[in-house]
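Thanks for coming. I have one structure to go through today, and I will keep to what can be computed from its atoms.

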Amino acid sequence: MAKQGSLPFTVGKTDNFFDRLGDYIGDVFYDILPEQGYELRDEQIYMAFQLEQAFKNKRTIFAEAGVGTGKTFVYLLYAICYARYKGVPAIISCADETLIEQLVKKDGDIEKLEKALGLSVDVRLAKARENYVCMKKLDPLAQQTEDEDILRVYDEIPDFVFDQGISMQKFERYGDRKEYPWVPDEKWEAIAWDPLQQCSTCEWRHRSGQTLNREYYRHAQDLIICSHDFYMEHIWTKESRKREGQMPLLPEASCVVFDEGHLLEFAAQKGLTYRFNFHALHNVLTGYMGQDVREKSLMLVEDILELHEKWFNRLAEQAVRVKGSNRMDVSMSPDILEMARTLHRNVDQLLEQLVFDAELFTMDDYHIKIIEEYLEFFSYGLSVLLKDDEGIYWLEENETESSLVIMPRLVEEVLRKEVFSKNIPFVFSSATLSQDGDFTYLADSLGIKQPEAFSVESPFDYESNMQVNGHTETNQTDKWKKIGEQMKTNDGGSLVLFASEEEMSAFREWAEEKEWPFQVLYEGDEEISTMVRKFQYDRSAVLCAFHMWEGLDVPGASLNQVIISSLPFPPKDPVFQAKRKHAFDPDRQVDLPYMLLRLRQGIGRLIRTSEDRGTIQLWMKEEEKQIHREAVERVLPVAMDWKD
């Protein structure tokens, strides 16, 4: 086995690295992998030599490769070799935790590559902060709850977390969501990090799970794997963290691979989102009032707090709930906008007063920095809201909290400057990057000028291995009955994909009153990788999901039927409403492309190897059938057989 950190081929003093890399890649795909039982695929070899040019010239490349082309092996091999050549780790950014699991699980793609090529790869995961337990939330909750799931998590927290006198050398990594698979997503939110936590002032910060895991992954030699959301959070917080004397969330990278790169725009928007919690500003400013500050500052704070409360109350009065979402649409009436302008002016004035208060040396420098950081955040978010047609906004409410969320409508300029201006290779990999072979839409939305691009089709024989059945929905109850029959006729072994969480919940309410001869799993009941393993190893199980249109990789008999309960159109939430508003033809420019792309991804969950066989059951409403049948049938791998 090749030594960890060393190139798997030799490069002499007079050799060119890329010449030697090209020779090695040829040996791998023409000789080594076939000798290990892997199929020789022309599509894979073509992709490999396209990527070589992108790495050699430090370009951005869109690598659209169908299911079964072996694209993951290609980009992993280049990323590992290039990282070792540069002495700087490569970053693999994935759409979500499901795709990350596909890479790092036992017998996953990285382990397969290690075994086939005799490599030892140093790969470490950089997970988003909400994937770690928050001791500031868990500790008080454990003292008052009787919930066994929560108490079990608390009992498994290492002793050093509570022992303030113990040496830091005794610290070990803990707190990853994956370590507590029995906790449903709903309960996990009660004990996990969330955007309202002020980590920089937290007494647990040096012993928190996310801090210790971050210290670990930063020292990876070969690969750091994260989600798109986390990568974008790193990009947007990098400079502010440096100003605060903190390390960026991720280290510098030799190259970046975006797996399922067509989803990067949504992650970029999410990463640039400003979330104004009603209580957060109140807590920051009351903390400021508790310091030794001047009367002028105190009066300004009181004005801001009073106006802020009126503003939130007015927002709540105007808000209209979006069906199938926890988001509420807000209409920015003239009086709400005027309140926002006054708040913006007052906050900017307070930032100026903070400079004078700091010069009195009566406030702790650390508290000044925290207050200043939040006020700047608040001011900039309001500026996005007040700029004509640049912001997307909505209100979110739960039992205890109310938050205004502000998101930029367009992110291409920021991405062009902060990401794609770097002189390193960027690789976008997915089976769905183009629209009928045209990559313009993706390139423009991400601010990428003149990318290299190519497409290779799947090598699978879909005509022999896949059947697609079309079904027309007359009413929801009848549809549930027929989907239940499809599950039973297939003896389980099915993935049921829903267009939304609300739709899955409606099916679950119906299904839980029935008896099933197999296990029915629902997304959110357990940690995702644990649930996928259960589904994979129980050949009769059924997995119901609303997020797993991409990334899920379950080859073999465990998954031989994919039931698509509805066409996956985008929700009517404020983000997509803004896209529709600025489209010449919203149906054809926004809704249809999104639906078709997601549909192609969902269908791609079925056939994962050349031996796989199976059936797609695709449901449509009669109106959708009349309007979209032709477009849907064009993207299907085989002709659809309409059953009803």
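What percentage of the 644 residues in the protein do buried residues make up? They make up 55%, where buried means under 20% relative accessible area, exposed means over 50% and partly exposed lies in between, with a 1.4 Å probe and protein chains only.

Before going on, the conventions. This is a predicted model, in which local features need pLDDT of at least 70 and side-chain atom pairs count only at pLDDT 80 or more, while totals for chains, interfaces and linings use all residues. Residues are numbered from 1 along each chain as its sequence is written, and side-chain values use heavy atoms, with hydrogens and water left out.

Now the overall picture. The protein has 24 helices and 19 strands; these are DSSP runs numbered from the N terminus, H or I of at least four residues for helices and E of at least two for strands. Its radius of gyration is 26 Å, close to the 26 Å from the globule rule for 644 residues, so the protein is as compact as a globular protein of that length. That radius is taken over C-alpha atoms, and the rule is 2.2 Å times the number of residues to the power 0.38. Along the principal axes, the C-alpha atoms fill a box of roughly 80 × 70 × 55 Å. Of the contacts between residues at least 6 apart in sequence, 77% join residues at least 24 apart, a contact being heavy atoms within 4.5 Å.

Next, the nonpolar cores. The term covers buried Ala, Val, Leu, Ile, Met, Phe, Trp, Tyr and Cys residues joined through side-chain atoms within 4.5 Å. The largest one has 48 residues, and F29, L51, I92, L117 and L223 have the most contacts inside it. Helix α3, residues 71–86, gives the most to this core, with 11 residues. Another core, of 39 residues, lies apart from it and includes L495, I603, L606 and V632. Going back to L117, and leaving aside neighbours within four places in sequence, this residue is in contact with Y24, V28, I32, L33 and L77.

On to charges. The whole structure holds 32 salt bridges, each a side-chain nitrogen of Lys or Arg within 4 Å of a carboxyl oxygen of Asp or Glu. In one of them, the closest N and O atoms of K310 and E306 are 3.6 Å apart. K310 and E306 are four residues apart in helix α13, residues 295–318, about one helical turn. K310 is partly exposed at 46% relative accessible area, and E306 is partly exposed at 46% too. Also in helix α13, E317 and R314 are three residues apart and form a salt bridge at 3.2 Å, N to O. E317 is exposed at 59%, whereas R314 is partly exposed at 24%. A network of salt bridges links D107, E111 and K115.

Last, D612, which sits in the loop between α23 (586–603) and β18 (614–621). What is the nearest side chain of opposite charge to the buried D612? It is R608, 6.4 Å away, and D612 has no salt bridge; Lys and Arg count as positive, Asp and Glu as negative, and His and the chain ends are not counted. The D612 side chain does reach the backbone nitrogen of R608 at 2.9 Å, and it makes a polar contact with the side chain of T609 at 3.1 Å. A polar contact is a pair of N or O atoms within 3.5 Å; within protein, one must be able to donate a hydrogen and the other to accept it, and residues adjacent in sequence count only if both atoms are side-chain atoms.
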